[in-house]
Amino acid sequence: LDPTMKLLQDNPCLREFITSVLALPEPSPSILSFTLRLAGILAASENRFQHLQQEKLLVRLFGRDGPLNGAVWKDASVRSGWVEGVHSMMHHQPALHCLCNGGGIDVIFTLQGDPSLFVASAASELLVHMLTLSVESETTKPLSTKDCDWPACAQMIVKRIEDSLQSSSASHIEQSLTLLTSLFGSCRATWTEVLWLGVAKQIESFLTEETVQVQHMLANLLLNMAWSPVFCDTEGNFWALVTSALEHLTPVQAGPLAVGILRLYKCPQDVRIQALTVLLQPMDCILRAASQPLEYAGLLDESVSDPITVESLLSSKSSCASLLCQTLAHLEELLSLIHLPVDLPYTSLLRSLMTILQFCNGFLSPASPLGSTISRILINSLRVQMSALDVLAALSERKRCDTLLGSLFDVLLAYLESPNTSPTVLKKTFQATSKWLVRLQGLSCSNSQCQQTEKILEDVFLVLQKRLCSPCWEVRDSSLEFLTVLIDYWRDHDEFRQTLLSSEVPRLTENLLEDPESYVRASAVTAVGHLAFITYFAPESPVIGNQYNKENTVAKLQEILSTDPEGFPRRAVISIFTQWLRQGCTGQLEDTERFVSRVIQIVEHDLDWEVRLGVLELVEIFCIHTNCRLGLPKCPYAPVSSAVTSSIHQNESLQIFCRAKLFSFLFQSLCDCDKPVSQKACHILLVLRGHFYQISPLQDSSMAGDSSAGCGIAWLQRTLRQGSLAQNFPTDGGNGVDFQDPESVMLALGTIDLEELHDELNKSSDHVEKSPQSLLEDILATVGTTEENEADCY
């Protein structure tokens with residue numbers, strides 16, 4: 001028995017379903033669409049295709065007598081079902097020939113212009129698939145440009161492409177260009193060059209053709225070809241066409257092509273230089289417009305296309321911002337590459353960016369008429385400001401811009417100080433400033449350089465003091481984020497610490513712990529947590545007197561953890577406590593034990609699962625640190641020098657964990673209704689069991705018989721199997737378990753099958769939800785309510 005036929009023979013209802021739908025005088029579009037897709041999937045096997053053909057089912061669905069000529073064809077879902085059904089069955093020659101001989105090619109080419117974009121796109125992809133299938137399954141020798149060498153189906157498609165490209169219809173030309181773009185993007189076979197040679201001259205003519213405006217589509221086509229080894233390894237006509245495109249396309253059209261070419265490593269050097277010139281031309285124009293005569297060297301020695309074109313676009317209110325934003329986005333994309341295949345003129349580029357930013361905030365009065373026009377257009381342009389600041393931030397990681405640092409910080413500080421700077425632009429300015437301050441930190445510190453750095457930091461903190469008091473919560477929030485980043489990078493530098501602590505910034509930051517906006521409170525928690533690394537965790541803290549008190553700060557953060565009504569600040573507190581613990585800032589082991597125990601008690605019944613998950617991470621780090629401080633290995637399976645010493649230390653760490661109420665929290669978390677929490681708790685318990693048991697715990701039954709907690713363990717097993725919610729998890733003796741008693745904890749760890757729990761928790765719900773049984777239940781559930789649920793059912 002043919003295995004592909006078994007599906008139809010075991011499920012005669014499939015054929016019956018298709019037949020019954022075809023028998024309906026007016027089937028609903030959704031049912032017919034489903035039937036078309038189903039038939040296509042069944043016909044993907046050649047034997048099933050032949051069987052369905054014999055019963056005349058496929059011709060009644062996909063042929064001329066099917067829905068093609070009926071009123072139901074007006075519904076986009078039916079056309080979509082038809083295309084997808086055909087696509088599914090296109091895996092063998094009989095289906096290909098059946099469709100081509102039955103006039104299906106004409107239908108698909110028509111659907112390329114369908115008003116539904118989904119149908120049009122699917123039709124184009126189907127043609128690519130059919131052309132590839134025809135060529136690769138029906139040719140035995142390399143193709144030439146002669147028509148007779150193409151297989152019959154491929155020849156029909158290629159002829160339609162060539163005819164469409166030579167027509168006067170812009171829509172037909174666009175459809176064929178879309179098809180070719182998709183083909184060259186997905187197929188890297190050598191026969192694609194044969195197809196290209198037949199259409200290359202016609203496509204080249206579109207660059208200079210004024211009657212048919214399809215130039216905007218050529219960039220994607222040429223880029224897909226450039227990525228294909230069939231074309232990028234050639235020396236001749238293809239790269240000449242790319243060069244011609246860079247010259248003739250408008251700057252907006254040529255930009256994507258230029259940046260795509262610059263990302264290529266296999267590309268002639270002259271083409272790469274030309275692409276870079278296209279990309280930098282608007283930036284060069286900005287620099288030249290800023291002063292007359294030109295004060296500094298421009299970015300370019302010569303242009304690819306006429307500079308007047310770029311100047312006219314930048315002089316127009318409708319195109320200036322769009323061109324600059326596109327150019328800046330392309331430059332940011334290039335700067336994000338680890339290895340740039342081209343050398344950018346970084347100093348001139350930075351000067352051009354600063355000029356754009358000064359145009360936008362009105363701080364530059366250009367002498368040239370062009371500069372004055374551009375300045376008037378760009379004033380307060382948020383899009384351009386944000387794009388320029390993004391490129392500025394990316395440029396901070398490149399060398400050779402250090403000579404302009406003073407001027408650059410003047411521009412950035414002007415934005416930080418200006419009341420006209422919008423909150424979104426201010427956030428971008430903070431981000432760019434922090435990156436350039438990091439760059440400043442990495443420079444060799446001469447006397448004059450140190451003085452410049454100190455002056456910049458003083459100015460930054462003066463601005464920050466004002467911004468932390470802003471009536472706009474977004475400004476307060478981004479100011480706190482900026483402060484946190486600065487502390488992260490600069491906290492080991494004396495001049496930074498002194499400048500920060502002599503300002504009002506720390507006091508204002510602490511005040512914002514009580515901000516009415518939860519996002520700001522969360523950012524203030526993070527900033528205060530980082531400030532602690534300077535105020536009292538630093539080895540040689542510069543703080544004098546009791547201006548900053550560690551206990552007060554901890555108490556404030558614990559209060560936020562226990563009382564703040566919003567989740568963001570509470571999550572921030574846990575994150576900060578975890579950072580402190582990870583970096584060993586919570587004091588001696590006894591202090592850390594009290595600290596962790598207090599946090600667990602506060603968070604035990606927190607309704608935010610991310611807070612509970614954060615505490616589990618805190619617990620995990622505490623366990624590792626405790627074991628390390630007691631001389632135990634981080635890994636439970638690592639060798640130890642003395643078994644006796646190890647046993648003593650294991651017992652000591654067990655008692656510490658019990659006193660800190662770790663096990664109560666961990667076993668509660670095993671029953672948490674949020675899976676990430678229970679998974680994390682199970683992982684921690686498995687690691688702890690590895691520390692406390694040197695032999696397989698499930699074989700050590702002697703302890704279970706001797707312990708008075710045996711009945712409690714039976715209760716615990718039942719509770720875990722039922723997955724009771726953590727809120728209802730009793731831990732106060734009775735029929736529960738005393739999790740502060742080391743013996744009871746050891747018995748629980750040794751008896752409960754944590755591996756089985758681990759497997760259950762990590763099992764995806766797909767094994768229940770994504771089964772044939774589940775799918776059938778979903779379909780049956782929609783009977784009688786098709787209109788409401790047809791999307792879900794489908």
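The axes of helix α26 (residues 473-490) and helix α29 (residues 518-535) come within 9 Å of each other and cross at roughly 25°. Angles under 35 degrees count as roughly parallel, so α26 is roughly parallel to α29. The crossing of this pair, α26 and α29, is left-handed. On the α26 side, the contact is made by Trp473, Arg476, Asp477, Leu480, Glu481, Leu483, Thr484, Ile487 and Asp488. On the α29 side, Tyr519, Val520, Ser523, Ala524, Thr526, Ala527, His530, Leu531 and Ile534 take part. The model shown here is a predicted one.

Now step back to the whole chain. Its secondary structure comes to 43 helices and zero strands. The chain has 794 residues, and buried residues make up 51% of them. Contacts also reach along the sequence. Take those between residues at least 6 apart: 70% of them join residues at least 24 apart.

Helix α30 (residues 550-563) and helix α32 (residues 589-603) have axes that come within 9 Å and cross at roughly 25°. That angle makes α30 roughly parallel to α32. The crossing of α30 and α32 is right-handed, whereas that of α26 and α29 is left-handed. From α30, the residues that meet α32 are Val554, Gln558, Leu561 and Ser562. Their partners in α32 are Phe595, Arg598, Val599, Ile602 and Val603.

Start with α8 (residues 104-111). Six of the eight residues of α8 are buried, and the helix is mostly covered. Gly104, Ile105, Val107, Ile108, Phe109 and Leu111 are the buried ones. What do the buried residues of α8 pack against? They pack against α6 (76-89), α7 (93-101), α9 (117-138), α10 (152-166) and α11 (170-186).

Why is α19 described as largely enclosed by the rest of the structure? Because twelve of its 16 residues are buried. Among them are the leucines Leu323, Leu324, Leu328, Leu331, Leu334 and Leu335. Cys320, Ala321, Cys325, Gln326, Thr327 and His330 are buried in α19 as well. The cover over these buried residues includes α16 (251-262), α17 (269-290) and α18 (307-314). It also includes α20 (346-361), α21 (369-378) and α22 (382-395).

Finally, look at single residues. Asparagine 627 sits in helix α33 (residues 609-629). Is asparagine 627 buried or exposed? Its relative accessible area is 2%, so asparagine 627 is buried. Its side chain has a polar partner: a polar contact of 3.5 Å joins the side chains of asparagine 627 and histidine 691.

Serine 664 belongs to helix α35 (residues 662-670). With a relative accessible area of 10%, serine 664 is buried. The cut-off for buried is under 20%. Serine 664 also has a place relative to isoleucine 600. The two are 64 residues apart in sequence, and in space serine 664 and isoleucine 600 are 9.6 Å apart, C-alpha to C-alpha.

Technical notes:
Residues numbered from 1 in each chain as written. Predicted model: local features only at pLDDT ≥ 70, side-chain atom pairs only at ≥ 80, totals over all residues. Heavy atoms only, no water. Helix = DSSP H or I, 4+ residues; strand = E, 2+ residues; numbered from the N terminus. Buried < 20%, exposed > 50% of the residue type's maximum accessible area, 1.4 Å probe, protein only. Polar contact = N/O pair within 3.5 Å; in protein donor to acceptor, adjacent residues only side chain to side chain. Contact = heavy atoms within 4.5 Å. Axes fitted to C-alpha atoms, helices over the stretch in contact; angles between N-to-C directions. Parallel < 35°, antiparallel > 145°, perpendicular 65-115°, else oblique. Left-handed = near helix turned anticlockwise from the far one by under 90°.
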